[in-house]
Amino acid sequence: MSNIAGKAYAMNVITPIPWYKVWLNRLIFWAALKIPNVLNGLLTLSLIHYARWVIIPRDKFPRLDPSQPKEDLNYSYMLFFSNFNGSWDQYVDSFTFAIPSGLDLFWKMNVKYPKSVPLTPFHNYIQHNQIDTAHYYNAYPMAASNDVKSAKNVKKALIDFNAASSNKSPDEFLEDYNKLLNQLQNDFGEMRPTPIVSLAAQAVKERVMEEQRQSH
Amino acid sequence: MANTSGKATALTVLSPIVNQIIDGKSCADITRERCYRLPIHEKSPLAKVPNTYLARLFVLDNVYYESLTASDSIFNFSEITSIFSDSARLKALPRKDQLKSKYLVFSTNFHGDLDEYLTGMWEKWSYDDNGQQRGVQHIWEHCVAFDGVKDSSSFISYMKRCQLDATLFFNGSTDDSLQEQLKSLYLKQEFSKFAAANQGKSAADLQQAFKVFIEKVQPENLDQPSWVPGQSTP
């Protein structure tokens, strides 16, 4: 089990929603897409790489063959997947403090959803409904989401600077170079393997040890 | 349906696992163990699947019963009547659901077109499992109807039959291809080191060092030098 891949944490949450309220939840998500203010709240949480909500109507779990028993469910289900940086607590709390009303809107129709404030019932709700990841892959384990965004700035600035200033006189070059460094102050920073900051740390450690044992 | 956000695509796949026991182990447990044993980071088979940003696998054994005490309703009729009757009190509890199949869940975020991505999964997914090379079939082997998958086009059809649409997909990253992102990260790393190492140099020496640096990092060459997918050490 590993919910961690470098600096990213994989969260999976599955929660029941009364089937007759699914249309209302879809309407809320549709509105969220159309009303930018709702998603702007998520954008302020710059620790998120990607997140998604998937609603499975109770009769729409994939059934691929008549030999597979047909599901007979009372509820439809909402799956939530997120890829974020930092610890579980940091993430869940940042949701609560940054977008409590938006969060409540997304989960409002779900059975026994306690609301995102106060924190403890919300923590209990997420923990109760969370599923651990068996294999988690991250294309850049050393980088946080903000590193990916700042790296884009660095690349563009470096290419532009090289084209504009590399062949100037040394003094002019130095002046432009200092301007470049000032411009990129918030984007610099070396990236290294993460200090692991969540409960799954031991699982990751054990798996790496097992991998090393197998390679000897 | 919101499976795309910018150029990023969210693929969610729930593949039912055959409800059978093989050598004393359920097919779900066999599948789960295979997922656990996949090598990580740059050795993960997903590192070979082009344009995979972040992806995960797990087995959904069942759904949870909501035994929590909270209620979000302002007025809940059954909870009012339950004050007066035991049977009404019990009926006010949430219903209990049990899944009849276990599902292999694959959730991935990638850049580009779905068919191209799935073709890449079929063709490129490989990893070393105690000396044996394994393809993507090894993970999905015990899923219902997967025995009909023989090539990339049947793999694409299969995955699409298991696909669930995202209701909302949030892209908090850049919209660039993985190759572009990895090159940018490489440049950020190397230029940060360069800036720190060359502080206080004379203008002429700095300019010379910068030229050598640019020749080394080749900012516009996406192929190399760069980070490899899943790179876990500097």
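Tutor: Let's start in chain B, where helix 4 (residues 114–124) packs against helix 6 (residues 152–161) at an angle of about 120 degrees, with the axes 9 Å apart. Helices here are DSSP runs of H or I with at least four residues, strands are E runs of at least two, and both are numbered from the N terminus. The axes are lines fitted to C-alpha atoms, for helices over the stretch in contact, and the angles run from 0 to 180 degrees between N-to-C directions. This is a predicted model, where local features need pLDDT of at least 70, side-chain atom pairs count only at pLDDT 80 or more, and totals for chains, interfaces and linings use all residues. Residues are numbered from 1 along each chain as its sequence is written, chains are lettered from A and ligands numbered from 1 in the order in which they are written, and side-chain values use heavy atoms, leaving out hydrogens and water.

Because of their angle, helix 4 of chain B and helix 6 of chain B are oblique to each other (under 35 degrees is roughly parallel, over 145 roughly antiparallel, 65 to 115 roughly perpendicular, and the rest oblique). On the helix 4 side, the contact (heavy atoms within 4.5 Å) uses Leu114(B), Asp115(B), Leu118(B), Thr119(B), Met121(B) and Trp122(B). Helix 6 of chain B answers with Ser152(B), Phe155(B), Ile156(B), Met159(B) and Lys160(B). Sorted by class, this contact between helix 4 and helix 6 of chain B holds seven nonpolar, two polar and two charged residues. In this sorting, Ala, Val, Leu, Ile, Met, Phe, Trp, Tyr, Cys and Pro are nonpolar, Asp, Glu, Lys and Arg are charged, and the others, Gly among them, are polar.

Now look at a pairing between the chains. Tyr177(A), Leu180(A) and Leu181(A) touch Phe191(B), Phe194(B) and Ala195(B) here. This contact of helix 7 of chain A with helix 7 of chain B divides into six nonpolar, no polar and no charged residues.

Cysteines come next. There are zero disulfides over all chains (a disulfide being two cysteine sulfur atoms within 2.5 Å). The sulfur of Cys143(B) has its closest cysteine sulfur in Cys162(B), 7.2 Å away, which is too far for a bond. Cys143(B) is buried at 3% relative accessibility, and Cys162(B) is buried at 0% (buried is under 20% relative accessible area, exposed over 50%, partly exposed in between, with a 1.4 Å probe and protein chains only).

Finally, some backbone details. In chain A, a cis peptide bond with omega of about 5 degrees joins Val117(A) and Pro118(A), and Pro118(A) lies in the loop between helix 4 and helix 5. In chain B, Gln224(B) and Pro225(B) are also joined by a cis peptide bond, with omega of about -10 degrees, and Pro225(B) sits in the segment after helix 8. His41(B), not a glycine, has a positive phi of about 50 degrees, and is buried at 18%.
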